[in-house]
Amino acid sequence: MIYPELPLVIFTVLAQTAVGGYIIMASRLSAMGATFKQRRPIVLSMFILWAFMAVGFAASTMHLGSPLRAFNALNRVGHSGLSNEILTGSLFFALGGIYWLSDLFKVVSESILKLARIVVSIAGIIFMAAMVKVYLINTVPVWNSSFTYVEFIGTVLMSGILLAYVLLNLTNSSSRELNVKLAILGVIIIALHLIVTAWQLVDIAEITTSIQTGADHLASYSGSIVTRLTLLVIAAGLWLTSAFKASLTTKLGVLSFIVMFIAEIIGRGVFYGLHFTVGLI
């Protein structure tokens, strides 16, 4: 099925994954207290995070029709959710890039880098808050709900933590203890997300407008919903297994992330597909 708003599907999932991954990796860097040589592989691997952001922003401009319209969208900063999202996302990307280059080439002291990591993490959190607010629209009952927070923050936590887990292991910068902690945390978050998703589906099914019902829309995407939930369970199993199988940690971790990423793309496609208003349009 071709999901509507595919550019926004790509943008939101990639951006949320990048923010979650950055926060975990920045925390690991600050906690390591290692030498520049030991930290360098992690810093280099963070290029993946900025690549995610670059691809995400490129995809989002397709939604606007022309990349130049992104500048026009900044005209209502402080009044428009879209303008705030673009501004905060750009700030996170820019500040993150400046920090990354500074850490990569060691142009400032470690104390300044630690402070920079915190500042960029806060910028990422603000970016995520701005992104959620874009979709809290009174006339769109499926989106105007606390479940939108769960949907978006869930991707930050699940996909973001898993990406960081993979990158840390690819650079031999993790440990068995850290792998187990991250895997258990990730699986718990996935389990909670599945429970809340079941609650969300019941809530959506009960939505009724003058001409549409949530149940009808859910029926159209039932296959995608089941597929996504199944993939999340598989990703959780692979992730947990990878943490306890040292010889397969990296391979299973990468496989788990691929499965997770596909699940989140499908889930976000369903999110946009369930858009309908309370009126006649």
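Colleague: How many salt bridges does a search of the whole structure find?

Modeller: The search finds 8 salt bridges. Keep in mind that this is a predicted model.

Colleague: What makes Glu110 and Arg39 a salt bridge?

Modeller: Distance and atom type. A salt bridge needs a side-chain nitrogen of Lys or Arg within 4 Å of a carboxyl oxygen of Asp or Glu. The closest N and O atoms of Glu110 and Arg39 are 3.2 Å apart. So the pair qualifies.

Colleague: Which parts does the pair tie together?

Modeller: Glu110 lies in helix α6, and Arg39 lies in helix α2, residues 36–45. The pair therefore ties together parts 71 residues apart in sequence.

Colleague: How do you know that α6 meets α7?

Modeller: Contact means heavy atoms within 4.5 Å. Met128, Met131 and Val132 of α6 meet Thr148, Tyr149, Phe152 and Val156 of α7 in this way. By class, the contact has 6 nonpolar residues, 1 polar and no charged ones.

Colleague: How do α6 and α7 pack?

Modeller: Helix α6 spans residues 110–134 and helix α7 spans 146–170. Their axes are 10 Å apart, at an angle of about 145°. The crossing of α6 past α7 is right-handed.

Colleague: And α1 with α5: what is the handedness of that crossing?

Modeller: α1 passes α5 in a left-handed crossing. The axes of α1 (residues 6–32) and α5 cross at roughly 40° and come within 12 Å. From α1, the contact uses Phe11, Val19, Tyr22 and Leu29. From α5 come Glu85, Phe92, Tyr99 and Asp103.

Colleague: What makes the nonpolar surface patch?

Modeller: Leu87, Leu91, Leu95, Ile98, Leu115 and Val119 make the patch, about 510 Å². Patch residues need over 30% relative accessible area. α5 (81–104) and α6 each give two or more residues. α5 gives the most, with 4. Leu115 is found in helix α6.

Methods: Residues numbered from 1 in each chain as written. Predicted model: local features only at pLDDT ≥ 70, side-chain atom pairs only at ≥ 80, totals over all residues. Heavy atoms only, no water. Axes fitted to C-alpha atoms, helices over the stretch in contact; angles between N-to-C directions. Left-handed = near helix turned anticlockwise from the far one by under 90°. Nonpolar A, V, L, I, M, F, W, Y, C, P; charged D, E, K, R; others polar. Patch = residues over 30% accessible without salt bridge, like charges linked within 9 Å, V, L, I, M, F, W, Y side chains within 5 Å. Areas by Shrake-Rupley, 256 points an atom, 1.4 Å probe, with all protein chains shown as cover.
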